[in-house]
Amino acid sequence: MSFDVDRLISSRARGIDASGIRRVFALGATMRDPINLSIGQPDFAPPEAVATRAAAAIREGHNGYTQTWGAAELRTRTAEHLKADVGWDIADTPGAPGAETELLITSGTSGGLMLAAMALLGPGDEMVIPDPYFVCYPTLAHMCDANAVLCDTYPDFRLTAERVEPLITDRTKLVLANSPSNPAGVVMTADEWADLSELCRAKGVVLLSDEIYDEFTFRDARSEPAHDPAALPGLRCPSPARRDGSNEHVLLVRGFGKTFGVTGWRLGYVAGAPALVNQMAKIQQYTFVCPPTPLQHGVIAAFDSDMSAQIDEYQSRRDTLLEVLSPVTNVAAPGGAFYAFVEIPESLGLTGTQVFEKCVERNVLLIPGGVFSPRDTHVRVSLTAANPRLREGAEILRDIFQGR
Ligand code: PMP
């Protein structure tokens, strides 16, 4: 009798359906030099200083575990950044007996999200997430036997307090917001954040702000002055994280991967109420243990790296996409991240999957909207091809939208 492992698989694993996105990747692997507008990571190399520092850390012997909280110097630099950026004063001494911390370095943004879900959600609990969502969000709830409650944000993809309020129940533990967003690139305004934050505070639930794309906000969508303009010239992306004494309910989750071209390094950080962050740290200690040590040393240099040229390049790609597609369909203008969520003209009567298939026939790879939502009425276009290729891909999509 052969070993029947299938019968042993948990309902947790069985309940995850990753087939939509897997199909796109599998197809992409078989296409020869496609115009690939499906990718969720930047196409630039990390800053030289970041790469040098990580490589040096290996040679200098930074290859063992760090504290679960993260390497001391990275923690210090991250705390300084949070102070200059949003005015958040991280005052803690992790590692000392009985010490509590507000800051935890995590294994990617995904690590931070996972720890937050594990620390907050139990069977039957609810987490409000935007629809459309980043693919992992519903799964976070599922893995904790909790429910993801979808907040319909079509057609403008704005997660407003007005839309969230009716969804909050006695079982709600957290509201997950993401700005700039995946899949739409939409940036919340300071007023939208203020209203959503006030709603969560009043209801006594956590506002989890996934700010993985915070630095990757285009100039024209930046509207909030940095807390310390001397340290961070110019404007930044609005965030609910300002520490004015009224937002202990905010859990900030950020990452290094997208902004600095190091998605494979798996590094991020979270900041929030010590009582919550300490629970998350406990789970990290018994699962991830600590984020990759030499790479933690590498990203210390990230805080001194100027990525504005790369971000401006992506803004110009965004402009190209809007120039080609806006005349033929609705596209909520992305203010950041690498994506646009493009509506399929209703008159065509095609689903996102059908448009995806037509694109594949013409050597263009993008992602059907149904991967990010129960609806399949859009396609996600990534801005990760350089301008001439992106224009070519966008024109093919425009032709399909025009029935050609
Ligand atoms: N949140 C969002 C909105 C994302 O788009 C991604 C990555 N695509 C993540 C989190 C996970 O990022 P990381 O690689 O840092 O785990």
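## Helix packing

The model described here is predicted.

| Helix pair | Angle between axes | Axis separation |
|---|---|---|
| H12 (residues 352-361) and H13 (residues 387-401) | about 125° | 10 Å apart |
| H5 (residues 108-120) and H9 (residues 274-285) | roughly 110° | within 9 Å |
| H5 and H6 (residues 136-143) | roughly 35° | within 9 Å |

Helices H12 and H13 pack at an angle of about 125°. H12 is therefore oblique to H13. The crossing of H12 past H13 is right-handed. On the H12 side the contact is formed by Val355, Lys358 and Cys359, and on the H13 side by Leu397, Ile400 and Phe401. Sorted by class, these residues comprise 5 nonpolar and 1 charged, with no polar residue.

Helix H5 takes part in two of the tabulated pairs, with H9 and with H6. The axes of H5 and H9 cross at roughly 110°, so H5 is roughly perpendicular to H9. From H5, the residues Gly112, Leu115, Ala116, Met118, Ala119 and Leu120 meet Leu276, Gln279, Met280, Ile283 and Gln284 of H9. This contact of H5 with H9 contains 8 nonpolar and 3 polar residues and no charged ones.

Towards H6, the crossing of H5 is right-handed. Here Leu113, Met114 and Ala117 of H5 make the contact with Tyr137, Leu140 and Met143 of H6. The contact of H5 with H6 consists of 6 nonpolar residues, with no polar and no charged residues.

Thr101 and Leu276 are separated by 175 residues in sequence, while their C-alpha atoms are 9.4 Å apart in space. Thr101 is located in the loop between helix H4 (72-86) and strand E2 (103-107). Is Thr101 buried or exposed? With a relative accessibility of 0%, Thr101 counts as buried, because the cut-off for that class is under 20%.

## Aromatic pairs

The model has a count of 14 aromatic pairs. One of them joins Phe216 and Tyr314 in an edge-to-face arrangement, with 5.2 Å from centre to centre and 90° between the planes. Phe216 belongs to the loop between strand E6 (206-210) and strand E7 (224-225), whereas Tyr314 belongs to helix H11 (residues 308-325), so this pair ties together parts that are 98 residues apart in sequence. Phe216 is buried at a relative accessible area of 0%, and Tyr314 is buried at 1%.

Phe341 and Phe372 form another edge-to-face pair, for which the centre to centre distance is 6.0 Å and the angle between the planes is 85°. Phe341 is part of strand E11 (residues 339-343), and Phe372 is in the loop between strand E13 (367-368) and strand E14 (378-382); the pair therefore ties together parts 31 residues apart in sequence. Phe341 and Phe372 are both buried.

Which residues do ring pairs link into a cluster? The cluster is made up of Phe44, Tyr213, Phe216, Tyr314, Phe338 and Tyr339. Phe216 and Tyr314, already described as an edge-to-face pair, are thus both part of this cluster.

Methods: Residues are numbered from 1 along each chain as its sequence is written. This is a predicted model: local features need pLDDT of at least 70, side-chain atom pairs count only at pLDDT 80 or more; totals for chains, interfaces and linings use all residues. Side-chain values use heavy atoms; hydrogens and water are left out. Axes are lines fitted to C-alpha atoms, for helices over the stretch in contact, and angles run from 0 to 180 degrees between N-to-C directions. Helices (H or I, at least four residues) and strands (E, at least two) are DSSP runs, numbered from the N terminus. Angles under 35 degrees count as roughly parallel, over 145 as roughly antiparallel, 65 to 115 as roughly perpendicular and the rest as oblique. A crossing is left-handed if the near helix is turned anticlockwise from the far one by less than a right angle, and right-handed if clockwise. Contact means heavy atoms within 4.5 Å. Ala, Val, Leu, Ile, Met, Phe, Trp, Tyr, Cys and Pro count as nonpolar, Asp, Glu, Lys and Arg as charged, and the others, Gly among them, as polar. Rings of Phe, Tyr and Trp (its six-membered ring) pair if their centres lie within 6.5 Å; planes under 30 degrees apart count as stacked, over 60 as edge-to-face and the rest as tilted. Buried means under 20% relative accessible area, exposed over 50%, partly exposed in between (1.4 Å probe, protein chains only).
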